[in-house]
Amino acid sequence: MNLKDIIRQIFNLNFSLSVGIPIIIFYVLSHFNMVLLGTILAGSWALAAIVFQYTKDHKINIFAIIVALFSIIGLFGTIVFHNPTFYLESPILMDLVLGCIFLGSLFLEKPLIQVFAEYEMKDSFSQELRIHPKYVSAWRILTAG
């Protein structure tokens, strides 16, 4: 693997467009006390990224789905509780739920983090590597951590 491939994996354009841009949108608008608008635009960007990638590649963008879920929960909480700071607090609840889901996935054949990694980096893991006991063990340890 050369340096160009390593840089491409670190600065994944898909991840930047799906996660980086919505975060920037939200924080710029929240800096100007427009939290609700920031929430709506960040969620809209994530939903657009999901639709765009699905229509282009027929592939589901997992990162954008997670960002969209955060935005929907934040928007729902902001509207229901009439408190825009709920958007800032909702990641705590979302992290708790996601943590329980990922920890619960230890009881499945493959932990969710392994499913996500193999989905995103399909060609990076050979079939021979995937069946090795230490490979499976490493994903379980990572999930538990």
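The legends below describe close-up views of one predicted model.

The model is predicted, so local features are given only at pLDDT of at least 70 and side-chain atom pairs only at pLDDT 80 or more, while totals for chains, interfaces and linings use all residues. Residues are numbered from 1 along each chain as its sequence is written, and side-chain values use heavy atoms, with hydrogens and water left out.

**View 1. The chain as a whole has 8 helices and 0 strands.** Helices (H or I, at least four residues) and strands (E, at least two) are DSSP runs numbered from the N terminus, and in that direction the elements run α-α-α-α-α-α-α-α. Of the 145 residues in the chain, 30% are buried; here buried means under 20% relative accessible area, exposed means over 50%, and partly exposed lies in between, with a 1.4 Å probe and protein chains only. Among contacts (heavy atoms within 4.5 Å) with a separation of 6 or more, 48% are made by residues 24 or more positions apart.

**View 2. The largest nonpolar core is made up of 7 residues.** A nonpolar core is a set of buried Ala, Val, Leu, Ile, Met, Phe, Trp, Tyr and Cys residues joined through side-chain atoms within 4.5 Å. In this model the largest such core consists of Val19, Ala46, Ala49, Ile50, Ala64, Val67 and Ala68, with H3 and helix H4 (62–81) each supplying at least two of the core residues. One member, Ala46, is in contact with Ala64, Val67 and Ala68 when its neighbours within four places in sequence are left aside.

**View 3. The largest pocket holds about 280 Å³ of space.** Rolling a probe the size of a water molecule over the atoms shows where empty space is left. On a 1 Å grid over the protein atoms alone, a pocket is an open set of points where a 1.4 Å probe fits, with protein on both sides within 12 Å along at least five of seven lines, and lining residues have an atom within 4 Å of a point. Grid points are joined across faces, edges and corners, and the volume is the space filled by probe spheres set on the points. The lining consists of Leu13, Asn14, Leu17, Ser18, Trp45, Ala48, Ala49, Phe52, Gln53, Lys56, Asp57 and Asn61. By residue type, the lining divides into 6 nonpolar, 4 polar and 2 charged, where Ala, Val, Leu, Ile, Met, Phe, Trp, Tyr, Cys and Pro count as nonpolar, Asp, Glu, Lys and Arg as charged, and the others, Gly among them, as polar.

**View 4. Gln53 is one of the residues that line the largest pocket.** Gln53 is found in helix H3 (residues 35–57), and its relative accessibility of 9% is why it counts as buried. Leaving out residues up to four places away in sequence, Gln53 touches Asn14, His58, Lys59 and Asn61.

**View 5. The loop between H3 and H4 includes His58 and Ile60.** His58 has a positive phi near 55° although it is a residue other than glycine, and His58 is exposed because its relative accessible area is 62%. Ile60, at 44% relative accessibility, counts as partly exposed, and it touches Tyr54, Ile65 and Tyr119, not counting residues up to four places away in sequence. The C-alpha atoms of Ile60 and Ile50, which are 10 residues apart along the chain, are separated by 6.6 Å.

**View 6. Asn33 lies in the loop between H2 and H3.** Asn33 is not a glycine, yet its phi is positive, at about 60°. With a relative accessible area of 71%, Asn33 is exposed.

**View 7. The structure holds 2 aromatic pairs.** The rings of Phe26 and Tyr27 have their centres 5.1 Å apart and their planes at 75°, so this pair is edge-to-face. Rings of Phe, Tyr and Trp (its six-membered ring) pair if their centres lie within 6.5 Å, and planes under 30 degrees apart count as stacked, over 60 as edge-to-face and the rest as tilted. Phe26 is buried, with a relative accessible area of 3%. The rings of Tyr135 and Trp139 have centres 6.1 Å apart and planes at 80°, so this pair too is edge-to-face. Tyr135 and Trp139 are separated by about one helical turn because they are 4 residues apart in helix H8 (residues 133–144). Tyr135 counts as buried at 8% relative accessibility, and Trp139 counts as buried at 12%.
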